[in-house]
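I opened my notebook beside the model today. My plan was to look up a few features and write down each one.

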Amino acid sequence: MRTSLFSNSPKSFLTIAVTALALTACGQGEQSNDDQASQGASDSQAQAGAEKYDRSQIRIVGSSTVYPFSSYVAEELGATTDLRTPVVESTGSGGGFKLFCEGASEDTPDFTNASRPMKASELKMCQDNGVDDITQIMVGYDGIVIGQKAGEPDLDLSREQLTKAVAAKVPQDGQLVDNPYNKWSDIDPSLPDHEILIYGPPTSSGTRDAFEELVMEHGAENIDGYDGNKPAVRQDGKFVPSGENDNLIVQKLAQNGNAVGIFGYSFLEENRGKIQAAKVDGVEPKRELISSGEYPVSRSLFFYAKNAHVGRIDGMDDYVKLFLSDQMASDRGALKSLGLISLPPEELEAMREKWKNREQVTAESLKAEHG
């Protein structure tokens, strides 16, 4: 019988022992203990009568930003329990939601990681395919870093300047025209006289979604001439989508002192000897400034659980509890060394309660999440 490292030890009380003996004598075989009493109602419902799937490994897809944290937890779960190590794939937040929402069946993922909240359209896609019992868990915070090769002159870029560098169209003489800026100095003489070359995330990435929202939409609101239009990303070779592996961006930056890249804070932490971060609106991407929201390109990180798979795939509850444990997700936890910016203790505890109660994602909760 599998023993979880995260369950409470059974307690022996006289009344329970007497009751158990009585039930055994009656042939009912019903077990009563403190562990079962503490389980949430939805967990009991998921376990009751759930037909086990043949698949014996948890499958996780989604965000490249959350991938290092999820992979670490998966490896720890496999190393410290008799559960098989979960399979974690970096597909991007958008790609993860597509796979996750394909249905509630053995050949679909159990979790998807995301570096942005689920969209209303993604929830509808899930619901249309019978995936309507989903729990959203926030695991921490992240900052989107504008990075360059270590040792280069320091950069301080405003969100307006970044928008002008990345946007497909910019306002000039009262019209939106194809982006004419080839060098950073074309945007502002105080910026380097370098060709604009930006390695960034693809359209399937939550980092790309967050950059467009937090940088480009903000920039457009503060640049005369956009008049409410949301700029698209230029496709003339100045912005180069570089796949879901942010390490590839880091490698390219280390080889080209004139290029800049867009990636999550954890990759800056892991590669400080190779790359350095630019300031954005005068603020450095430091841990405390990201968690406080002072760094202007800060965001929350999530994973989403398919509750219909709980009880059908071994270890889902164990995985979530390990991920949200103090040893992993707290400010003194192992994930901090990988670059995770932890939730305050009370928020982390609220996430544990959210999982225990299997709180469901709804259109209303997503609307509140997106503000």
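**Ground rules.** I am working with a predicted model, where local features need pLDDT of at least 70, side-chain atom pairs count only at pLDDT 80 or more, and totals for chains, interfaces and linings use all residues. Residues are numbered from 1 along each chain as its sequence is written, and side-chain values use heavy atoms, with hydrogens and water left out.

**Confidence.** I looked up pLDDT, the predictor's confidence in each residue, from 0 to 100. The protein chain averages 87, and 86% of the residues score at least 70. Over residues 1-48, pLDDT stays under 50. For that stretch the model has 32 contacts (heavy atoms within 4.5 Å) beyond four places in sequence. I noted a caution: where pLDDT is low, the predicted coordinates should not be read in detail.

**Disulfide.** How many disulfides does a search of the whole structure find? I counted a pair of cysteine sulfur atoms within 2.5 Å as a disulfide. The search finds one. It joins C101 to C126, with S to S at 2.0 Å. The link of C101 and C126 is left-handed, with -70° about the S-S bond. C101 lies in the loop between helix 5 (93-100) and strand 3 (111-114), and C126 lies in helix 6 (residues 120-128), so the pair ties together parts that are 25 residues apart in sequence. Helices (H or I, at least four residues) and strands (E, at least two) are DSSP runs, numbered from the N terminus. I then checked burial: buried means under 20% relative accessible area, exposed over 50%, partly exposed in between (1.4 Å probe, protein chains only). C101 is buried at 0%. C126 is buried at 0% too.

**Threonine.** I found T91 in the loop between strand 2 (87-88) and helix 5. T91 is buried, with a relative accessible area of 19%. Its side chain reaches the backbone nitrogen of G96 at 3.2 Å.

**Helix 15.** I traced helix 15 over residues 345-356, twelve residues in length. From first C-alpha to last, helix 15 reaches 17 Å, close to the 16 Å expected at 1.5 Å a residue. Which residues of helix 15 are buried? They are L348, M351, K354 and W355. They cover an arc of only 110° around the axis, which puts them on the same side of helix 15. On the other side, P345 and E346 are exposed. Among the elements covering the buried residues are strand 4 (134-149) and helix 13 (316-323). Just after helix 15, R358 takes a positive phi of about 50°.

Key
Expected span 1.5 Å × (residues − 1). Arc of directions from axis to C-beta. Polar contact = N/O pair within 3.5 Å; in protein donor to acceptor, adjacent residues only side chain to side chain.
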